[in-house]
Amino acid sequence: MGLSAAAPLWGPPGLLLAIALHPALSVPPRRDYCVLGAGPAGLQMAYFLQRAGRDYEVFERAPRPGSFFTRYPRHRKLISINKRYTGKANAEFNLRHDWNSLLSHDRRLLFRHYSRAYFPDARDMVRYLGDFADTLGLRVQYNTTIAHVTLDKDRRAWNGHYFILTDQKGQVHQCSVLLVATGLSVPNQVDFPGSENVEGYESVSIDPEDFIGQNVLILGRGNSAFETAENILGVTNFIHMLSRSRVRLSWATHYVGDLRAINNGLLDTYQLKSLDGLLESDLRDLAILKDSKGKFHVTLKFFLEEASTNQSADAITLPQDDNDNFAMRVPYDRVIRCLGWNFDFSIFNKSLRLNSGNAFGKKYPLIRASYESKGSRGLFILGTASHSVDYRKSAGGFIHGFRYTVRAVHRLLEHRHHSVAWPATELPITQLTSSIVRRVNEASGLYQMFGVLADVILLKENAMAFEYLEEFPIQMLAQLETLTGRKARHGLFVINMEYGRNFSGPDKDVFFDDRSVGHTEDAWQSNFLHPVIYYYRYLPTEQEVRFRPAHWPLPRPTAIHHIVEDFLTDWTAPIGHILPLRRFLENCLDTDLRSFYAESCFLFALTRQKLPPFCQQGYLRMQGLVSTESLRQHRVESRLLRDDAPMGRDLEDSSQHPGDQELLGAPLAPGPLAQSLDSNKEEL
Amino acid sequence: MSSGFSVFRVGISFVIMCSFYMPTVDSLLELSPQKYFSTLQPGKASLAYFCQADSPRTSVFLEELNEAVRPLQDYGISVAKVNCVKEEISRYCGKEKDLMKAYLFKGNILLREFPTDTLFDVNAIVAHVLFALLFNEVKYITNLEDLQNIENALKGKANIIFSYVRAIGIPEHRAVMEAAFVYGTTYQFVLTTEIALLESLGSEDVEYAHLYFFHCKLVLDLTQQCRRTLMEQPLTTLNIHLFIKTMKAPLLTEVAEDPQQVSTVHLQLGLPLVFIVSQQATYEADRRTAEWVAWRLLGKAGVLLLLRDSLEVNIPQHANVVFKRAEKGVPVEFLVLHDVDLIISHVEHNTHIEEIQEDEDDDMEGPDIDVQDDEVAETVFRDRKRKLPLELTVELTEETFNATVMASDSIVLFYAGWQAVSMAFLQSYVDVAVKLKGTSTMLLTRINCADWSDVCTKQNVTEFPILKMYKKGENPVSYAGMLGTKDLLKFIQLNRISYPVNITSIQEAEEYLSGELYKDLISYSSVSVLGLFSPTMTTAKEDFSEAGNDLKGYVITGIYSEEDVLLLSNKYAASLPALLLARHTEGKIESIPLAITRAEDIVQIVTDALLEMFPEITVENLPSYFRLQKPLLILFSDGSINPQYKKAILTLVKQKYLDSLTPCWLNLKNTPVGRRILRAYFDPLPPLPVLVLVNLHSGGQVFAFPSDQAIIEENLVLWLKKLEAGLENHITILPAQEWKPPLPAYDFLSMMDAATSQHSTRKIPKCMKETDVQENDKEQHEDKSAVRKEPIETLRIKHWNRSNWFKEAEKSFRHDKELCSKVN
């Protein structure tokens, strides 16, 4: 101020200087949305934010997106399938078998344009992610390592606080919402005596030459362990694999994170007695000793503790001293650790209360089913690190799963901060059956994220119309109204995809006889992934969701329907799939959802006081379906439909259910009017 | 199962006992000629198909024949395939492969030979064979005289079962023959395939099979005709059986016990009971009434005379009719009905609920919920193999969609290949394409949203089917008319030009109004609308243009706003702005003043103006009149309307007598479904024409103009006044029931519960630690497979369809046979 007073002429430059200095000095740059990590999940979120025109920034440590894939998997072969041909044109359906692409409107950004391999090379993934970010013009700040995240309370902030991000240069960023998509980046290390002798998956040589004639012990039994073994299987003396639990094969568990068949060559040689082997033991009980020749011996921590410190390896008791047929009695040349990764908690300040989960999910941060941290509002975990929600159940830890959960999070945010209700299509009730059939046949999100994301149908008053919401996180069902901005006052359907209750599991024989169900009345025993529709008269409460029956993805509904499993996952058979579904919907809504030709509606209009919905919503609005001559012919010929033949019999006939057939004629035929459903409804 | 069936079975098994003693064979026997002839037994019928040994092992005929083995065996007829080998030449062996025939023998006498094409399916085989065997029991006639002769001969002696079937060998024919096999000795069966004969009996709907019961046994006076009862159910073996059962039951029964306790054969057959309450004083009259009612309800309900005086339980004092439904546990209804017609209509409107009650030890099953009851789905499914000329419409894909609709004016049908309604409409669409072939400038295209989901979503198509018109420089327009050939064709044709048409001279306007200007279009729009505006009325013109655009494809609209517009408005006595409405069929031009209104109001005005004063109501136009929410005054006419009636009603319209009604007429020739409507209103059908007032929107009462009065103005006015004063009785009330689910659904929730409870009774409750989980999983798995193997019959909603019924019947046949063998 003194300056400007002393020399008015300098005023303008002084002011400019002040403006230029201003941000650096006082308020740090503020973003509505900050995304940590430009991996698949971070880019996916950036895409949705960009499309919605939101103020966002992605921070990436590396100079290009997808840095994880520049190094991992070490042997460069992705085990996510790149199925380029399905025989179908439906792009949405094809995503069911495309495990690598991110969601976008741009057809060029499909992974099949990046690799011809069924199990593609990791370099193609890096190239793909780079193109995804560049083509769509996503705002990513590369070479920016966020070193510290803390919380700044501010009542004006969306969530009552800002997230303060500090990068490696000390630059500070202020964010209203923080979306963490940093994946699992810290190799999991188990602490046991001798663990310093162990090489890690992240650094071990991948050149088979280095393993010639060696005895190798691999700790861990995941895909990385088997991938490592596969690579050196042909040159080692033998490979032993050690882990706490039995091997879990993904084709038995239906979980893609378990051991995939492409990596399981060692199982073959183990079972065929080719010297390789699998062993089960808790790593924390072990100890690894290096003897004078540089070989490694496996012993128990217990023995080590017995002996006094500083004893040489050769003097410590080995299990085989007592038990001379101990499996791991041979010395190993190398011990390799392939125990997976953990989330990097280190950059988050305690004030964020970002904690790790319980026993199973220790490597993941603790989050809600809405992917929001339990500790701080406005902090969401995306991508692989969000897998605690469906660990060992669905695909939320993998690209083909989290691309949908990211979209769900984005929809929640749109409603929470921008009053954009969850997208929904409102349709007349006559379209109910069709809209479900359409989705279960093409939706990829339902298919990939089975049991986690489900479609929700909200009925309108009198059940004459409904709203269709796609891919809502079903564990949040009780909070649906507040999370989506939609009303669920008149009952709802939830469409979920499920495997049979007891079909999946590491010890299950998934090839047992009669494993597939063909009859519609046995649909509830279907084993393979099939659509299940839940009907609720009222939105379930949080209590009901939390204390739902064991092994149920949702609370007990008023009624349930299983669409019988289908070998081709094509649920469009008129009798096998659509008819039972229609009957279920009809009985839930207590109405008749059949379609009728205009002529039938005409008859009903003049002989009844009420019309079925199809005639009300179509014919009476002058959009009746007029049958062609050949269809009319079939109507006459089909003895099932004799009642609707143009010159048919009398009204009693027409009111009869066409399915009554001729055998018992009228007596057995409860017409649409006559059908008393009260008893049935009570059962429901 | 109800006792109703047992007679049938006994009947059949009696025949079987007499004639059937060959071991049961399910599949077709294959024999050499010599072997075959050695198996023939005296008096026993046998059907043999002779074929060359080297002929194909399977053919359609053999499949059908194989299927016929079982049913024919049940009638004691054996079936064999005889292989003509070279060494054993038989004269039955044809010379060539296609000359092979089937032969029916009784003992070793040849009864009939059948070319294989007459035995086209299992029904034809059974029908033909029984027809040949029951030659005496079933008289085949071709004219009315034959029928009268038989009738006369049997008066006072026996009853006749007369049936008409469209052709020999169809399922209805088989059903009649099967019934004749059982009842042929009790009743005289008469069969015809002559449609003229049926017509001469006064039957309606002659394209269907008919079965009449002629009550001739009661007739003692030979000049009197036998009473006839028409069977109203479709002709099936079981229906015929049930029908005959009700014919056999006593016409009228007198009872003096609590109606709740009374049971007759009718209840077992699922028919309700009607009790006419009688007192000593009026007994004779009541009995006459009851008999009259009984005749009217024959085959529909059982009628009883309830003697109030000797009754112990109380019934309400005024009740004169008691109605008892066939369902168990439904309380009887006490009614006060002063007109026998009301009794009849009450029964007819309350019999949908009837259901055969389950017998305790025989599980009767409900209708099959796996059987399609959606007429659209069923017809589309049945038609699925027919090849449509789809090539006349261009199939679009994601790649071609934009380019196509940008390049030319196009109609796009968005459909889903798996959706029945879409596929039904696709047929109409293809029909339109056939009609327009080579003449339209509009490109007809379609896109299957099951394949190109994204394209449809981008075009804002979220339901199917949707039809949109894409014109250069215009927003796409969704078609909102009837999903049928006629209206769609109209829409496309009318859209050849854009609306409103700009008319630039008085002469052109006159040509426009006379229909000259768009001669080729007025067959699609019987009305042309012309908006008259002075050149300065810009907002009014804009609104009208918008309305014209909204109405495009439904009606022709034009606009005239030259300086000399007053010449036109004066000529048609209209003050500007105004609408001129040229009705081309009537050659009339009306004017409607157009006060300052919005586009949607103009649309409404035009839509209302399109309505006629006394229209012929059709399937297509009913909705436009229906939405007026007024009672319909419908004149049902068999063919064109009598001009005098039309004049009478139009006079009433002009005199404002009918303002609160929608007068219309229905031509049964154009709208045959009208017959079914009439039948819902009347029983019996009155002579046509008939005038009815249907109060569709409040109360559903139907009133009939007395058929003995002439349809002239004075009578109509009088009748309407009586109606208004509430002095007329309605003939029926339309049912007001809601549309409920036609059938139940599988109750998977309780099936799952049943499985779980089975499971949990076995499991010992214990504290479960995490390590136990796997073990437990295993246990559950085992349990589940156990559950799977156990019969889940109790969980299933069982099936009941034709094949099952026959299986059931077969079971009982076999049971009877076992008894036979023990007796023997």
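**A buried strand residue and the nonpolar cores**

A:Leu279 sits in strand β11 (residues 277-280) of chain A, where strands (E, at least two residues) and helices (H or I, at least four) are DSSP runs numbered from the N terminus. The model is predicted, so local features need pLDDT of at least 70 and side-chain atom pairs count only at pLDDT 80 or more, while totals for chains, interfaces and linings use all residues. Residues are numbered from 1 along each chain as its sequence is written, chains are lettered from A and ligands numbered from 1 in the order in which they are written, and side-chain values use heavy atoms, leaving out hydrogens and water.

A:Leu219 lies 60 residues from A:Leu279 in sequence, yet the two are 9.7 Å apart from C-alpha to C-alpha.

Turning to chain A as a whole, there are 22 helices and 22 strands, and 61% of the 684 residues are buried.

The largest nonpolar core has 130 residues; such a core is a set of buried Ala, Val, Leu, Ile, Met, Phe, Trp, Tyr and Cys residues joined through side-chain atoms within 4.5 Å. Helix α12 (residues 399-418) of chain A gives the most to this core, with 8 residues. Apart from this core lies another, of 71 residues, among them B:Ala420 and B:Cys664.

Technical notes:
Buried < 20%, exposed > 50% of the residue type's maximum accessible area, 1.4 Å probe, protein only.
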